[in-house]
Amino acid sequence: MVTEMDKQIVNDLKAAGIDYVTSVPCKQLAGVIEVLEETPEIMHMPSNKEDEGMGLCAGAYMGGMKPCIVMQNTALGVVVNTLATLIQFYQIPLPMLISYRGEVGEPVACQVEMALHTKAILNQMHIPTYHFHKPEDAAELPGILEYCQMASKPVAILCDATFWRASA
């Protein structure tokens, strides 16, 4: 089910000039993905794996587009090498809209372990990280997207279960 927050997030992406998004299926981000599918101004390319999606984003950027990836934090361990040797090395501004699975209220126990490491991994990689816990936190998204482009860096926007529940 699409919420107003899903629409707001996609509208903020459009307003920031994001015109290419790749995503990996995620229950928490399903509404955003559905809105992306219905947004002709943004080319949405589903991906099988997050590291593959980052490669697609790099190609889109080198082809003159402004990419974004929509993913889960549980795949962060898989993308460390791609982030370092491709996205960061080539200074690709890549907003990463990440469902932050494993926090308080998480119904799936296996998601918890990666949540314990997510922020530490992003910090170790010097990736600016923003945590959306309340719906009003999303008001920061336009500024985060602008910063990402200005700094030519990836940024992580973590959206936890509390954020999605309160935004429904």
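# Briefing on a predicted structure

Histidine 126 is exposed, with 66% relative accessible area; exposed means over 50% relative accessible area, buried under 20%, and partly exposed in between, with a 1.4 Å probe and protein chains only. The model is a predicted one, in which local features need pLDDT of at least 70 and side-chain atom pairs count only at pLDDT 80 or more, while totals for chains, interfaces and linings use all residues. Residues are numbered from 1 along each chain as its sequence is written, and side-chain values use heavy atoms, with hydrogens and water left out.

**Loop residues with positive phi**

- Histidine 126 lies in the loop between helix H5 (112-124) and strand E5 (129-132); helices (H or I, at least four residues) and strands (E, at least two) are DSSP runs, numbered from the N terminus.
- The phi angle of histidine 126 is near 60 degrees, a positive value in a residue other than glycine.
- Serine 152 sits in the loop between helix H6 (141-151) and strand E6 (155-160).
- Serine 152 is also a residue other than glycine with a positive phi, near 50 degrees.
- With 26% relative accessibility, serine 152 counts as partly exposed.

**Salt bridges**

- The whole structure holds five salt bridges, a salt bridge being a side-chain nitrogen of Lys or Arg within 4 Å of a carboxyl oxygen of Asp or Glu.
- One of them joins glutamate 106 to arginine 101, with the closest N and O atoms 2.7 Å apart.
- Glutamate 106 and arginine 101 are both buried.
- Lysine 49 forms a salt bridge with aspartate 51, where the closest N and O atoms are 3.8 Å apart.
- Lysine 49 is partly exposed, at 45% relative accessibility.
- In the salt bridge between aspartate 137 and lysine 134, the closest N and O atoms are 4.0 Å apart.
- Aspartate 137 is buried at 12% relative accessibility, whereas lysine 134 is partly exposed at 40%.

**Aromatic pairs**

- There are three aromatic pairs in the structure; rings of Phe, Tyr and Trp (its six-membered ring) pair if their centres lie within 6.5 Å, and planes under 30 degrees apart count as stacked, over 60 as edge-to-face and the rest as tilted.
- Phenylalanine 89 and tyrosine 90 make an edge-to-face pair, 4.9 Å centre to centre and with 85 degrees between the planes.
- Phenylalanine 89 is exposed, with a relative accessible area of 58%, and tyrosine 90 is partly exposed, with 46%.
- The ring centres of phenylalanine 163 and tryptophan 164 are 4.9 Å apart and the planes stand at 75 degrees, so this pair is edge-to-face.
- Phenylalanine 163 is buried, with a relative accessible area of 0%, and tryptophan 164 is buried, with 10%.
- Phe132, Phe163 and Trp164 are linked into a cluster by ring pairs.

**Glutamine 72**

- Glutamine 72 is part of strand E3 (residues 67-72).
- The relative accessible area of glutamine 72 is 13%, so this residue is buried.
- Its side chain makes a polar contact with the side chain of threonine 74, at 2.9 Å; a polar contact is a pair of N or O atoms within 3.5 Å, where within protein one must be able to donate a hydrogen and the other to accept it, and residues adjacent in sequence count only if both atoms are side-chain atoms.
- Apart from neighbours within four places in sequence, glutamine 72 is in contact with Pro25, Cys26, Glu50, Ile98, Ser99, Arg101 and Gln111, contact meaning heavy atoms within 4.5 Å.

**Glycine 53**

- Glycine 53 belongs to helix H3 (residues 50-62).
- At 0% relative accessibility, this glycine is buried.
- Leaving aside neighbours within four places in sequence, Thr22, Ser47 and Ile69 are in contact with glycine 53.
- From glycine 53 to cysteine 68 there are 15 residues in sequence and 9.4 Å in space, C-alpha to C-alpha.

**Nonpolar surface patch**

- Met43, Met45 and Leu56 make a nonpolar surface patch of about 240 Å².
- Patches are made of residues with over 30% relative accessible area and no salt bridge, with like charges joined within 9 Å and nonpolar side chains (Val, Leu, Ile, Met, Phe, Trp, Tyr) within 5 Å; accessible areas come from the Shrake-Rupley method with a 1.4 Å probe, and for residues only the protein chains shown count as cover.
- Methionine 45 lies in strand E2 (residues 43-46) and is partly exposed, at 34% relative accessibility.
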